[in-house]
Amino acid sequence: MRRLYRAAALVLLPTALLTACAPTTTTRSPTELKAAAHARELAADGQFDEAIHDYLALAGSSGRPDYYRLLAAEVYRQEGQLEQAAPLLASIQRSRLDTGDAVHLDLLQAELALNQHNIPRALALTDQPNLSVPPELMPRLEETRARALEASGDYWLAARNRAMLDNSLNGLDQSQNRQQLINLLKRLGPEALKARALALRPADTMQPWTMEALSQLGVSSQDAQGQPVGTLVAGQQATVREGYLMPAQVALLLPSSGPAAGAANAIREGFVAGYEESARNHAPRPLVKIYDSGNSPASSVAAYQQAVRDGARLVVGPLARDAVSAVLNQRQLPVPVLSLNYLADQTPPPANTSTFGLLPETEGSQAADHMLDAGLHEAYIIVSDADFAQRAANAFKAEFTAKGGHVDSMSTLSSGSVNYISLIQGMGMPTIPAGSADSSGAPAPNAAGTAPGSAATAPTAGIFISMRPESARLLLPQLHLARIGLPVYATSHIFAGSDNAGADGDLNGVEFSDAPWMFDAQSGLPNHANLAALLPSARGSAARLFAFGMDAWSLVPYLDWMRSHPGSYLPGASGQLTSDRLGRISRVLIWARFDNGLARPISGTLNVNTLAPAGNDGDAQPAAASSAPSGQ
């Protein structure tokens with residue numbers, strides 16, 4: 001009977017295990033060899049009961065009963081019925097097995113012990129000193145020991161075992177193992193994990209995983225951005241940074257139609273603009289081929305595979321999150337990938353890949369840091385009901401509270417609503433004392449933060465908002481009418497991407513994070529206004545996606561360097577870019593403020609030491625990362 005596979009552990013090389021370490025003490029007859037091959041084919045085809053029957057028949061008719069019982073027990077495991085193999089395992093005499101088969105027996109017994117909640121036995125069987133483990137069994141042994149350690153409550157050592165397992169996996173197995181590793185570390189809690197992190201040496205294999213787990217717990221763990229990528233080196237009429245390594249051929253995977261076509265077009269044109277701009281520096285440029293990734297995971301995988309056949313040495317893309325997961329979780333990734341979105345739950349990417357995207361979570365967490373740096377330790381959150389706003393709010397709250405801040409209340413604006421007075425009054429925000437209004441009737445900015453009626457002092461609280469400009473233009477005047485004078489901080493979504501002094505006058509004083517290229521705040525990049533005059537995709541809010549595309553190009557020659565030098569950053573159009581050791585590209589944004597209805601950077605331009613190739617400079621801003629980087 002054919003049955004579905006139901007094992008809970010990783011599926012690792014079952015066919016190899018059924019053929020490895022065959023005893024060589026006696027010669028097998030042609031009849032026996034044929035019968036064993038048939039049983040193996042049945043197991044590979046999912047006909048588990050038939051395979052078990054044939055193996056047990058061989059155990060009764062050949063001179064190797066223990067060996068064939070072992071193979072029958074392995075098929076039970078493949079079927080997800082390891083408990084039924086218990087009598088077989090008990091009947092096998094370990095001393096009559098070859099070394100590799102003896103280890104296989106120990107592994108099956110450890111997995112059975114784990115299923116039976118006999119944790120000490122599982123730990124003992126997976127940690128035998130001086131045991132010679134066949135290479136094909138090692139990943140499964142490490143995974144079984146990690147599960148046993150987790151069951152024993154030793155989450156740190158279980159995570160370390162999974163870190164040791166990481167390099168021997170690929171595709172979906174590796175992705176699942178990485179997520180389990182990080183989840184184990186998160187179970188330690190932020191304080192215990194921070195203590196572990198402080199005790200680690202920089203070269204310890206646990207260092208990047210610990211930083212990632214802390215980040216997902218809302219504790220900032222980004223490596224200090226101490227210097228630009230590399231040092232400047234000259235050669236062949238080009239000035240590039242140390243670590244510059246341009247692949248010979250690059251593929252760009254983006255959809256040409258469908259719901260993400262507009263975003264993809266802005267990214268594509270930004271990528272091409274960066275490519276053309278780099279010619280001014282005479283830097284080496286690869287052959288670039290652009291592929292239509294379609295609108296499904298399958299079509300994206302097909303585009304990747306075609307790019308590989310065409311000779312690509314790096315694939316940039318795809319864009320949609322489900323497409324990214326499909327491409328990165330392939331069993332084999334013969335060519336490195338720089339994806340233009342993150343995996344679900346921001347899971348670290350497989351080895352030899354990097355992930356880069358525009359996330360509202362980035363803006364939320366950096367707004368929390370910005371407010372705390374300003375001395376504001378209490379926050380009120382008001383966001384729209386859009387997905388990007390909810391995600392930004394959750395990230396803000398996690399970061400703000402993890403660093404000692406307190407969120408006093410949080411409210412969501414309903415779609416279509418224009419009257420927010422009741423919502424504002426219900427949040428309990430402190431008000432401006434009578435007589436503290438300016439000549440326009442609005443409260444004096446930043447004058448409140450204490451209890452109603454108290455003397456005006458420096459504020460201790462602020463308001464975080466995430467919404468489109470239309471909603472913000474309604475909210476801010478109503479805050480003034482309610483005599484709320486707290487400073488307001490926003491995500492980039494509040495700015496439409498172009499000056500509108502008449503409409504944005506109500507936003508005066510609001511600070512928000514955004515991409516430096518929106519304000520030409522990073523030297524060495526093409527002028528925003530000039531490109532906007534030529535290309536619609538470089539105008540308005542689409543300009544953030546255009547900047548994202550320019551940065552995707554700028555990252556191409558520095559991916560390996562940035563991964564191995566996590567303290568370095570690449571000045572970019574969408575943000576100051578840095579990579580952790582797991583290949584996740586992060587961005588640091590600039591801050592701007594509305595004054596007289598005009599949005600301008602708070603600290604002017606970014607004075608970073610930039611003589612990098614044209615198109616490799618800038619500083620940052622994020623968007624949403626659901627199916628595509630929407631939300632801008």
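Predicted model: local features only at pLDDT ≥ 70, side-chain atom pairs only at ≥ 80, totals over all residues.
User: Which strands form the open sheet with parallel pairing, and in what order?
Analyst: Five strands, in the order β5-β4-β6-β7-β8. Strands here are DSSP runs of E, at least two residues; helices are runs of H or I, at least four residues; both are numbered from the N terminus. Two strands pair if DSSP finds at least two bridges between them.

User: Which are the edge strands?
Analyst: β5 (287-292) and β8, each pairing on one side only. The twist averages 15 degrees from one strand to the next.

User: How many bridges join β6 and β7?
Analyst: Two, in the parallel sense; β6 covers residues 314-316. Val316 has Leu338 of β7 as its bridge partner.

User: What does α13 lie across?
Analyst: Helix α13 (residues 261-278) lies across β4 (249-254), β5 and β6, and runs at about 160 degrees to β4. Axes are lines fitted to C-alpha atoms, for helices over the stretch in contact, and angles run from 0 to 180 degrees between N-to-C directions. Contact means heavy atoms within 4.5 Å.

User: And α15, which strands does it lie across?
Analyst: β7 and β8, running at about 165 degrees to β7. Six of the eight residues of α15 (residues 321-328) are buried, meaning under 20% relative accessible area; exposed is over 50% and partly exposed in between, with a 1.4 Å probe and protein chains only. Val324 and Leu328 are among the buried ones. What covers them includes α10 (171-186), α14 (297-309) and α17 (387-402).

User: New topic. At what angle do α10 and α12 cross?
Analyst: Roughly 70 degrees, with the axes coming within 9 Å; α12 covers residues 207-216. That makes α10 roughly perpendicular to α12; the class spans 65 to 115 degrees, with under 35 roughly parallel, over 145 roughly antiparallel and the rest oblique. Residues in the contact include Arg178 and Leu185 of α10, and Trp209 and Glu212 of α12.

User: What about α6, how many of its residues are buried?
Analyst: 15 of the 17, so α6 is largely enclosed by the rest of the structure. Just after α6, His117 takes a positive phi of about 65 degrees.

User: Last one: what is the order of the open sheet with mixed pairing?
Analyst: Seven strands, β10-β9-β11-β12-β13-β17-β18. The edges are β10 (406-413) and β18 (598-601). β9 (residues 378-384) and β10 pair in the parallel sense over seven bridges. Thr412 of β10 is the bridge partner of Val383.

User: Which strands does α17 lie across?
Analyst: β9, β10 and β11, at about 170 degrees to β9.

How values were computed. Residues numbered from 1 in each chain as written. Heavy atoms only, no water.
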